[in-house]
Amino acid sequence: GEGSLALYRYASRADAGLRLTWLARDERDLAVAATLGIPAVLKMSRRGLWLTLRARVAVVTHGFGDVNRFGQRGAVVVQLWHGIPLKLIQLDSAATTRISVPVVSTQMRAVLRRFYRRGYRAIALMPAASEVAAARLRTAFALPTDRVVVTGDPRDDVLSEGEPLERSRTARTMLAAALDAEIGDSRLLLYAPTWRDGEADPAVPTADEWLRIDAWLRDSDAMLVVRPHPNGVGDYAAGIAGSRRIHLLSSSRQSDLTPILDAFQLLITDYSSVAFDYSLTGGAILFIAPDEEDYTASRGLYEPYREFSGGREVRSWTGILDQLEHFDTDPEWAAVVRAHSAALASRHFAFRDGRNTERVYFELARRLQARP
């Protein structure tokens, strides 16, 4: 996911002479690759090390550990990343070099910063969705302007290709398979909270809020899909057990969220960059942020939260339910909500033509031709 599969497929079509190998994390990844007809090996196997050592190009979406980190030196590294940053990341974030031992903190943080900067120099190409995103990625990874290029993210092509109605049908089919549930023609809502560095989601509904959510879903013929961050912490079991209209979508069932975003009519989130991607669908976005002050103070954001949320964030699911009712009964307010989604898409995406992957591929090919 995260654009790597899109780039793999485009490269395999563009040049049949390329030798492409998927480096799998585990046996599950190997099995998925096999069903897609993709040659794959375990990245930490002897074969995985050998192939990484010989690779001219290595494509990653998170870090160098996406491939065999012991063998990636010398390869041209393409860092696709996995979203437009809202919260400060990498060198822009103090959390990256935070050390719990006060006595050695200052010296060690300086050493760590130099270590990270040296490592990031291996990145030869980093696609960005817009100049806004590119500016954030350049400072986060200490990369020069020519290495972070506004090509659009390959991960987002799926949200721009073809007709909207067909994209929605395809996404709903994928979602139903991932949930192993009948969704019919129900209105679909997605709740996708961000990762909080191991802290629990403070917005988990109370027992009374779960009851109100279920009642609203029944009255609206709607379903709520809860998608925790893959590393997130939160107990949603009570709501899922108490309502047939509330479903949990884990990353083990659907590793890449982007291809199914068109299935949903509305997104509920806090600080997750999924809001940027979802804005491409034209759907409405509601924001819940019970810990806004603490979160923004500890993590830091690239822009004021009120710009991201449109100033409509609430602190609880009681507030979200009130907004849902407002959205359904007040067309003028609903238009404001939709206009904010459109504004997010306009500001954060330079391209919406479904050709991001193509631009990344040819930018990579151009750079390879210029290398000895």
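**Close-up views**

View 1. R169 is partly exposed, with a relative accessible area of 45%. (Buried means under 20% relative accessible area, exposed means over 50%, and partly exposed lies in between, with a 1.4 Å probe and protein chains only.) This is a predicted model, where local features need pLDDT of at least 70, side-chain atom pairs count only at pLDDT 80 or more, and totals for chains, interfaces and linings use all residues. Residues are numbered from 1 along each chain as its sequence is written, and side-chain values use heavy atoms, leaving out hydrogens and water.

**View 2. R167 reaches from helix 6 to a loop.** R167 forms a salt bridge with D262, and the closest N and O atoms are 3.2 Å apart. R167 sits in helix 6, while D262 sits in the loop between strand 9 (246–248) and strand 10 (266–269), so the pair ties together parts that are 95 residues apart in sequence.

**View 3. R355 and E358 pair through their side chains.** Their salt bridge spans 2.9 Å from N to O. R355 is partly exposed, with 43% relative accessible area. E358 counts as partly exposed as well, at 22%. Side chains of opposite charge can pair when their charged atoms come close. Elsewhere, E2, R155, D156 and D277 are linked in a network of salt bridges. How many salt bridges does a search of the whole structure find? The search gives 22.

**View 4. Five nonpolar residues form a surface patch.** The members are M44, L49, W50, L53 and F70. Together they have about 550 Å² of accessible area. (Patch residues have over 30% relative accessible area and no salt bridge; like charges are joined within 9 Å, and nonpolar side chains, meaning Val, Leu, Ile, Met, Phe, Trp and Tyr, within 5 Å. Areas come from the Shrake-Rupley method with a 1.4 Å probe, and for residues only the protein chains shown count as cover.) M44 lies in the loop between strand 2 (40–42) and helix 3 (46–54). M44 counts as exposed, because its relative accessibility is 51%.

**View 5. Five arginines form a positive surface patch.** Look for R113, R114, R117, R118 and R121. (Lys and Arg count as positive and Asp and Glu as negative, while His and the chain ends are not counted. Each charge is placed at NZ of Lys, CZ of Arg, CG of Asp or CD of Glu.) R117 belongs to helix 4 (residues 102–120). R117 is partly exposed, at 39% relative accessible area.

**View 6. Strand 5 pairs with strand 4 and with strand 6.** Strand 5 (residues 123–128) is mostly covered, with six of its six residues buried. Strand 4 (residues 76–79) runs parallel to strand 5, and two bridges join them. (Two strands pair if DSSP finds at least two bridges between them.) V77 has I123 of strand 5 as its bridge partner. Strand 6 (residues 148–150) pairs with strand 5 in the parallel sense, over three bridges. There, P127 stands opposite V149 of strand 6.

**View 7. Strand 11 is covered on both faces.** In a regular strand the side chains alternate between the two faces of the sheet. In strand 11 (residues 284–287), A284 and L286 take one side. I285 and F287 take the other, and all four are buried. Strand 10 runs parallel to strand 11, and four bridges join them. Which residue of strand 11 is the bridge partner of L267? It is I285.

View 8. D235 lies in the loop between strand 8 (222–226) and helix 8 (237–242). D235 is exposed, at 57% relative accessible area. G311 is in the loop between helix 11 (305–309) and helix 12 (317–329). G311 counts as partly exposed, at 26%.

Notes
Salt bridge = Lys/Arg side-chain N within 4 Å of Asp/Glu carboxyl O.
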